[in-house]
Amino acid sequence: PPSGAHVPAPKDRGYTNEQDGHADFNRYAARANTAPGYQYTAPSLTGVNSVLNANAKSALDTGAAIVYKATTHPYKPDTALYDAAKMVTPLPTNKWWQNLIVSQGADPIHTYPYRITCLANSATVGFPTFQATTTSMTSSQIADWTISDAKSALTQRLVSGYDALGVNVTWTGTGGAQMVASFYKGMAFTTFQLTAMAPMLQTIHAITDVQQLALTVNSRGTNDESQAMKLARAMADKPSLTQVKLNDGSQWLVVSKPPIQWTQSGTGTLATSSTGYTGYIQLAHMGDNPTSNLNVLQQYAGTFPTQGDVTYAQIENSQGTSRASDIVMFYRTNTAAGGDSSSVYSTSSVSTAVQLLTFALPHHVDMLPTKALLSPGLSGYRCAKGPLTAIAGNIITYSQPLTTVAFEGTHTMTAADSAMVNAQLVKDAASVSITATDPYFFGKGVARLARLYQIAQEVGDTPTATSLGTQLVNYLKPWLATQTNSDPLLHDTTWGGICSTQGLVSSSDDFGQGWYNDHHFHYGYFAYASAILAKHDITAFAPLKEPMLQLLRDYANPSYADTSFPFMRHFDPYDGHSWAAGLFPFGDDRNQESTGEAINAYYGAYLLATALGLDDVANFYEIILNMEATSARRYWHPMRAQAAKIYMAPFIHNVVGIVWGSKVDYLTFFGANPEYIYGIQMMPFTPANTLLLDDAWVKEAWCPDGSTCADGMKLAAQSANNDGWAQFLYTAYSKVDRATALAGAQKCSPDDGNSLTNVLYWIATCGQQTT
């Protein structure tokens, strides 16, 4: 396949809803009419100094008008799926819950551990089970429960608001019937708030037992009698609990307040005599040890989130010279159930309120203090990213380690290496030609040119650097300053973003970027090239600055106050990485393939902000960059021992091709060759790759003994016929064996976004150091 063609046109992906397939809610949304482009205002969190004020206008937003020609999008947002009075442009295009507002809105979302669908008159809740082969780990697409109104009173459902972590869905109907759900990832209970309804629960399984439970109060270990008494009083106000057993062997906890006396009807229906019920219902699967898990679940039943947000704390030196940022995810909860509605960062007292019962992903657990993990916890819960670990609290704080990556490599070139690189640089600089007309391949080409320009500056080749700098300006100018290229970028005022002309003509063109697929991949290359130019020739960059800042705001906007672009279009703070997929519906939920290009997107953003002296923005991007890299190492680049813990045998590899919301694949969108799978997670090679490629992983993934790991990088490189994919793998191998890597890489023909100069430079400055 053509190098870099990692996201084929959506129509060619071959995924359908039926195929498993390889290949602020009301209180905040009500204020939407106070300002054009309003999304929501992030609440302040006492005790935490944020790295930047996301509620203020960003330094990227100069106040200038959008320079790209305005147009409307051919795919109009469907106001039958969301509340247009409360959600206005800029609209989200890549949220984890995006399935709710694209196509028919009927495709599932995954809240870890649950699978949710939201139909016009009901919602379904499923507890996916996972199965694995060597090429994929997939989950069951089963709706275990359907919650609806027995009188069929619900007639419409709308996404009625969202915030940094979740989404609000409201169902309405006749007779004042209403159902509201706030979906957040990691919640142990899925909650529905009901008004004037006749609630009915239906399962596809057969109900074998229904038992009303007596509540047990547990003070959770406090030795302070007064605090224990306060906690007991809070627990006394807890809702009723019903344990339901199904014939598939699963058990569920059904929570209600005011209490509902459920009556079984037929084999799979729970009903109530109430026709005007107002209260809430929660559903929780009881895992693989219902007896033990029940002791935990009942202590936290009745508390649910009503608002969520994230604070990225100021960067601090945590230990010696190491640097870190506290990532604080915090929730406000329902006060009626005893939930804590405050947003206080820390307190030494035992809360009298019942806290949220939440699940942490494996990468959270890696960075959470041990005391934050619930003991005893819950067992038998997982998602596509691995086992879920229970924690209790309305505030989840973990310390994200930060590794600073500069414009230059991690170590200085020797004189001999500098001469070797410079000799090849002169050859590559003499034949620069970018003929691509689409934003993705042009972006790769112009970033390749920028790499040559940066390297020329580092080796001190002034004549070559001057020539390359001039070419860089000349190539960027038609795309950014004059929009005279053959596929000009346009300002979509419908959703709020910048898309290519051809991409807006057809959803299958330009890799679906007109439908907001992969903007961070595409525009990350522009950001990197612009950062290099701004660093070395700010005067030449001046006429390109405003168009580039607007392009950066398209995919990495750090401000909720921006009325043109959504906040951080792709990035998911709970998962710690970005999602692609745009406005396309997928039965397997959102996905991301190329972690290398995602990292490049935030590396380019960080470098550009740094070159322009925008320190707060640069610090924010450095945090996002490191979060993206951390999740990439954990879920796409695992050590085999880690893979065995988070995935299921026989799906044990050193690399994953595509991570979805509900499954993982050992393949790419353009083929299943191992060199593609490894290579797409590495490209492009810049100093930022050192965040991904640690020595231990490279050594293990190379796997010289092909009889023990046929999916190792060595065999993949040897089978790739000395092409650009093989060169990526040899370049990575230089982390542990410079000589072998150098010999192998020099035999290969570079990818169209790469050059032999860049390969030699990376080996010399980021690979194994010579003595």
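In the predicted model, helix α5 passes helix α6 in a left-handed crossing. The contact draws on Ser418, Val421, Asn422, Leu425 and Asp428 from α5, and on Arg448, Leu452, Ile455, Ala456 and Val459 from α6. By residue class, the contact of α5 with α6 comprises 6 nonpolar, 2 polar and 2 charged residues. Two packed helices are described by the angle between their axes and the distance between the axes. For α5, which spans residues 415-429, and α6, which spans residues 439-459, the packing angle is about 135°, and the axes lie 10 Å apart.

Strand β2, made up of residues 109-110, pairs with β3 in the antiparallel sense over 2 bridges. In this pairing, histidine 110 has arginine 115 of β3 as its bridge partner. The hairpin of β2 and β3 has 4 residues between the strands, and tyrosine 112 in this hairpin adopts a positive phi near 55°.

Strand β3 also pairs with strand β4, which covers residues 122-126. The sense is again antiparallel, with 4 bridges between β3 and β4. Arginine 115, the bridge partner of histidine 110, stands opposite glycine 126 in β4. A hairpin is formed by β3 and β4, with 3 residues between them.

Elsewhere, 3 strands make up an open sheet with mixed pairing, in the order β1-β27-β28. The edge positions are taken by β1 (70-71) and β28 (497-500). Each of these edge strands has a single partner strand, so one side of β1 and one side of β28 are left without a neighbour in the sheet. Strand β27, which consists of residues 489-492, pairs with β1 in the parallel sense over 2 bridges. In this parallel pairing, threonine 71 stands opposite aspartate 492 in β27.

Conventions
Residues numbered from 1 in each chain as written. Predicted model: local features only at pLDDT ≥ 70, side-chain atom pairs only at ≥ 80, totals over all residues. Heavy atoms only, no water. Axes fitted to C-alpha atoms, helices over the stretch in contact; angles between N-to-C directions. Left-handed = near helix turned anticlockwise from the far one by under 90°. Contact = heavy atoms within 4.5 Å. Nonpolar A, V, L, I, M, F, W, Y, C, P; charged D, E, K, R; others polar. Pairing = 2+ DSSP bridges.
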